[in-house]
Amino acid sequence: MAAVDTVVLADWVSRFGAAVTEKRDWLTELDSAIGDADHGANMARGMSAVGEKLSAGAPGTVDELLKTVGMTLVSSVGGASGPLYGTFFLRMGMAAGPVADLDGPALAGALRAGLDGIVARGKAEVGDKTMFDAMAPAVDAMDAALAAGASVPDAAKAAADAATAGRDATLPLVARKGRASYLGERSAGHLDPGAASTAILFDTLAAAVADDA
């Protein structure tokens with residue numbers, strides 16, 4: 001597969017929505033330990049709204065599709081997750097531009113722009129125990145895989161594996177950002193819910209790309 005088109009990207013968004021809905025209770029359980037106990041419910045609600053928005057048919061260009069996803073999340077999800085995930089998709093769309101598909105480097109560049117948007121909004125760094133701890137390794141892994149000559153599906157799989165490892169690495173960390181930071185040392189020993197949903201984001205991207213290959 002040389003490029004990822006709007007059909008594949010819409011499939012990714014659909015898979016992500018289905019997965020966070022399926023894992024809603026688990027994500028909320030993670031959030032109940034160190035947050036507001038609403039991450040799963042918020043993400044499921046937001047992605048349901050996205051699904052309804054796209055049910056009439058996906059926009060014809062990558063930027064329109066991703067911006068639609070981002071704006072819907074910003075307007076329908078409370079807490080921190082709506083603005084952060086919304087910013088991620090909005091920045092992806094802005095970087096992608098009005099094109100019909102993305103090759104590997106363009107997809108990686110859009111994902112990097114999404115990550116940069118989250119950093120700009122949340123000011124997170126490595127080790128803060130946030131979604132950044134899963135997303136940054138995923139984006140780095142995709143860049144590295146493509147630079148080494150990997151196919152887009154293989155690069156997406158590398159990104160998904162890195163996101164999962166990043167999620168798991170949040171377990172012993174003491175939170176330095178967000179609601180979890182109020183707990184201090186008591187935040188250690190729990191997975192970060194944002195990192196958990198980020199791992200789902202990249203798992204579903206890898207699955208959508210692989211099934212189209």
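**Labels and their cut-offs**

Tutor: Both F16 and Y85 are buried, where buried means under 20% relative accessible area with a 1.4 Å probe and protein chains only, exposed means over 50%, and partly exposed lies in between. The model is predicted, so local features need pLDDT of at least 70 and side-chain atom pairs 80 or more, while totals for chains, interfaces and linings use all residues. Residues are numbered from 1 along each chain as its sequence is written, and side-chain values use heavy atoms, with hydrogens and water left out.

Student: Why is the pair of F16 and Y85 called tilted?

Tutor: Rings of Phe, Tyr and Trp (its six-membered ring) pair if their centres lie within 6.5 Å; planes under 30 degrees apart are stacked, over 60 edge-to-face, the rest tilted. The centres of F16 and Y85 are 5.8 Å apart and the planes stand at 45°, so the pair is tilted. F16 sits in helix α1 and Y85 in helix α5, 69 residues apart. Helices here are DSSP runs of H or I with at least four residues, strands are E runs of at least two, and both are numbered from the N terminus.

Student: How many aromatic pairs does this rule give?

Tutor: Three. In one of them, W12 and F89 have ring centres 5.6 Å apart and planes at 50°, so this pair is tilted. W12 lies in helix α1 (residues 6-22) and F89 in helix α5 (residues 81-96). W12 and F89 are both buried. W12, F88 and F89 make up one aromatic cluster.

Student: Why does D133 count as buried?

Tutor: Its relative accessibility is 9%, so D133 counts as buried. D133 belongs to helix α7 (residues 132-147). A polar atom of the D133 side chain lies 2.8 Å from the backbone nitrogen of K129.

Student: Which residues touch the most other members of the largest nonpolar core?

Tutor: W12, L111 and F202, in a core of 60 residues. Such a core is a set of buried Ala, Val, Leu, Ile, Met, Phe, Trp, Tyr and Cys residues joined through side-chain atoms within 4.5 Å. Helix α9 (residues 193-212) gives the largest share, nine residues.

Technical notes: Polar contact = N/O pair within 3.5 Å; in protein donor to acceptor, adjacent residues only side chain to side chain.
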